[in-house]
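Subject: Structure handover

Hi,

Here is the structure we talked about. Please open it alongside this note and check the points below as you read.

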Amino acid sequence: MSSSPHYIKAGPVAQLFNNLVGRLARHGVSLLGSAELSVRGRKSGRMQRIPVNPHSHGGRQYLVSARGHSQWVRNMRAAGGGELRVGRTVRAFTATEVMDAAEKLPVLRAYLERWGWEVNQYFKGVTAKSSDEEILAAAADHPVFLIAVER
């Protein structure tokens, strides 16, 4: 069993798709609610950009990493926030990682209900219809950030 954090790297087709979705968001076209995330690199200090699916649940907004402990997750932990962009609309936000698995459970279930068609492949067989225990078992592999848009 590996001690390194769970992460599924994007293959060439996924990278092309991500580039397209990010470019569209940058130019004002959001696919089903997607946005371009910008977060400061923890090593380079430069803004890193990646398309994300901001997820609303219970009147709050979250970012969920379907692929696991990715670079944007590591950068978010260091930066504590970033920006979401769709066209000229840029929303700066602060981010707090949700560490409690029980608190993550309803967020992950709702995320899988909304985005499962796109992300189920990264959840090792866990879906929105999985038991609470199955989702809780997968929770550590999928970081969740509560975001608060700055006014």
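Ala25 has 0% relative accessibility, so this residue counts as buried (buried is under 20% relative accessible area, exposed over 50%, partly exposed in between, with a 1.4 Å probe and protein chains only). Ala25 sits in helix H1, residues 12-26. Helices here are DSSP runs of H or I with at least four residues, strands are runs of E with at least two, and both are numbered from the N terminus. Leaving out residues up to four places away in sequence, Ala25 touches Ala35, Glu36, Arg85, Val86 and Gly87 (contact means heavy atoms within 4.5 Å). Val52 is 27 residues from Ala25 along the chain, and their C-alpha atoms are 9.8 Å apart.

A word on the source. This is a predicted model, in which local features need pLDDT of at least 70 and side-chain atom pairs count only at pLDDT 80 or more, while totals for chains, interfaces and linings use all residues. Residues are numbered from 1 along each chain as its sequence is written, and side-chain values use heavy atoms, with hydrogens and water left out.

Now the sheet. Seven strands form an open sheet, ordered S2-S1-S5-S6-S7-S4-S3, with antiparallel pairing. Two strands count as paired if DSSP finds at least two bridges between them. S2 (47-52) and S3 (55-57) are the edge strands; each has a single partner, so one side of each lacks a neighbour in the sheet. From one strand to the next, the twist averages 40 degrees.

The pairings, strand by strand:
- S1 (residues 35-40) and S2 run antiparallel and are joined by six bridges. Val39 has Gln48 of S2 as its bridge partner.
- S5 and S6 are also antiparallel, with six bridges. Leu84 has Arg91 of S6 as its bridge partner. Their hairpin has two residues between the strands, and Gly87 there takes a positive phi near 65 degrees.
- S6 and S7 pair antiparallel over five bridges. Ala95 is opposite Ile147 of S7.

Next, the helices. H3 lies across S3, S4 and S7, at about 125 degrees to S3. Angles run from 0 to 180 degrees between N-to-C directions, and axes are lines fitted to C-alpha atoms, for helices over the stretch in contact.

H3 (residues 101-119) also packs against H4 (residues 132-139), at about 110 degrees and with the axes 9 Å apart. That makes the two helices roughly perpendicular (65 to 115 degrees; under 35 is roughly parallel, over 145 roughly antiparallel, the rest oblique). H3 contributes Ala101, Ala102, Lys104, Leu105, Leu108 and Arg109 to the contact, and H4 contributes Asp132, Ile135, Leu136 and Ala139.

Last, the cores. A nonpolar core is a set of buried Ala, Val, Leu, Ile, Met, Phe, Trp, Tyr and Cys residues joined through side-chain atoms within 4.5 Å. The largest has 20 residues, and Leu108, Tyr111, Val119, Phe123 and Val144 have the most contacts inside it. S4, H3, H4 and S7 each supply at least two of its residues. H3 gives the largest share, seven residues. Phe123 touches Ala66, Leu108, Tyr111, Leu112 and His142, again leaving out residues up to four places away in sequence. A second, separate core has 13 residues, among them Ala35, Val52, Leu63 and Val73.

Best wishes
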